[in-house]
Amino acid sequence: MKAKVYGFRLSGGSTCTLKGLSDYFKSAGGNIFPHNKQDRMFFAGEKDNICVGVLLSLKDQKRFPELQVDNYSLHIREVEEGKSPFDFNFFVIDPLTGAGVYQHYRGSCSLLTFGSICRRMYDDLVRNNCTGNATTLQNRAGERISRKDQ
């Protein structure tokens, strides 16, 4: 697997701050949400006031991972050779400057799609007085962003 790391810069909108977006990433993590006809999930935290996280793109599969408690091993069964039940991408965003990096490899969620997720989440913040949580992320009526302030 050959991974690439891309740099990007988010510009803060006039309504909510990028710190609010970072907080939204942290509070809504660990929950499945649909985006571009695929289920996604992310986990995010904060290290030295910088948002760090991983974005998972969940694929259709016949069986889920199995955990064997006796020897603490994880087995994924009935997944085709060379296929993975999910893709993962790492991201880092500095809420003060908007600078960030995004790790991408062939077949995983693109930087453009990650930007679309960020725009969608910022739109959620604007619609909800600059607050967001897992319920906000999961109950979104549609993918359409109707605001100019993205």
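Which residues is Val 52 in contact with, leaving aside its neighbours within four places in sequence? They are Phe 43, Ala 44, Gly 45, Phe 91 and Val 92, where contact means heavy atoms within 4.5 Å. This is a predicted model, in which local features need pLDDT of at least 70 and side-chain atom pairs count only at pLDDT 80 or more, while totals for chains, interfaces and linings use all residues. Residues are numbered from 1 along each chain as its sequence is written, and side-chain values use heavy atoms, with hydrogens and water left out.

**Overall layout**

- The chain has 3 helices and 8 strands; helices (H or I, at least four residues) and strands (E, at least two) are DSSP runs, numbered from the N terminus.
- Along the sequence, the order of elements is β-α-β-β-β-β-β-β-β-α-α.
- Of the 150 residues in the chain, 38% are buried; buried means under 20% relative accessible area, exposed over 50%, and partly exposed in between, with a 1.4 Å probe and protein chains only.
- Among contacts between residues at least 6 apart in sequence, 57% join residues at least 24 apart.

**Nonpolar core**

- The largest nonpolar core has 24 residues; such a core is a set of buried Ala, Val, Leu, Ile, Met, Phe, Trp, Tyr and Cys residues joined through side-chain atoms within 4.5 Å.
- At least two residues of this core come from each of helix H1 (18-28), strand E4 (50-58), strand E7 (86-93) and helix H2 (111-127).
- H2 supplies the largest share of the core, 7 residues.
- The residues with the most contacts inside the core are Phe 25, Phe 42, Leu 55, Phe 91, Ile 93, Phe 114 and Met 121.
- Phe 25 is in contact with Phe 42, Ala 44, Cys 51, Phe 91, Ile 93, Phe 114, Cys 118 and Met 121, leaving aside neighbours within four places in sequence.

- The buried residues of H1 are Leu 18, Gly 20, Leu 21, Ser 22, Tyr 24, Phe 25 and Ala 28.
- After H1 comes Gly 30, which has a positive phi near 85 degrees.
- The structure holds 1 cavity of 30 Å³ or more; on a 1 Å grid over the protein atoms alone, a cavity is a set of points where a 1.4 Å probe fits but cannot get out, and lining residues have an atom within 4 Å of a point.
- The largest cavity has about 30 Å³ of space; grid points are joined across faces, edges and corners, and a volume is the space filled by probe spheres set on the points.
- Its lining consists of Leu 10, Leu 18, Leu 21, Ser 22, Phe 25, Cys 51 and Ile 93, and the largest share of that lining, 4 residues, comes from H1.
- By class, the lining has 6 nonpolar residues, 1 polar and no charged; Ala, Val, Leu, Ile, Met, Phe, Trp, Tyr, Cys and Pro count as nonpolar, Asp, Glu, Lys and Arg as charged, and the others, Gly among them, as polar.

**Residues in strands**

- Val 52 lies in strand E4 and counts as partly exposed because its relative accessibility is 32%.
- The C-alpha atoms of Val 52 and Ile 93 are separated by 6.5 Å, with the two residues 41 apart along the chain.
- Tyr 102 is in strand E8 (residues 99-105) and counts as buried because its relative accessibility is 0%.
- Not counting residues up to four places away in sequence, Tyr 102 touches Lys 4, Val 5, Tyr 6, Phe 8, Leu 55, Asn 89, Phe 90, Phe 91, Cys 109, Ser 110, Leu 111 and Phe 114.
- Between Tyr 102 and Val 92, which are 10 residues apart in sequence, the C-alpha to C-alpha distance is 6.7 Å.

- Asn 36 is in the loop between strand E2 (33-35) and strand E3 (38-47), and has a positive phi of about 55 degrees although it is not a glycine.
- With a relative accessible area of 45%, Asn 36 is partly exposed.
- Cys 130 is in the loop between H2 and helix H3 (134-138); Cys 130 is not a glycine, yet its phi is positive, about 65 degrees.
- Cys 130 is partly exposed, at a relative accessible area of 32%.
- Thr 135 belongs to helix H3 and is partly exposed, with a relative accessible area of 49%.
- Thr 135 and Asn 31 are 104 residues apart along the chain, and their C-alpha atoms are separated by 9.1 Å.

Technical notes. On a 1 Å grid over the protein atoms alone, a cavity is a set of points where a 1.4 Å probe fits but cannot get out, and a pocket is an open set with protein on both sides within 12 Å along at least five of seven lines; lining residues have an atom within 4 Å of a point.
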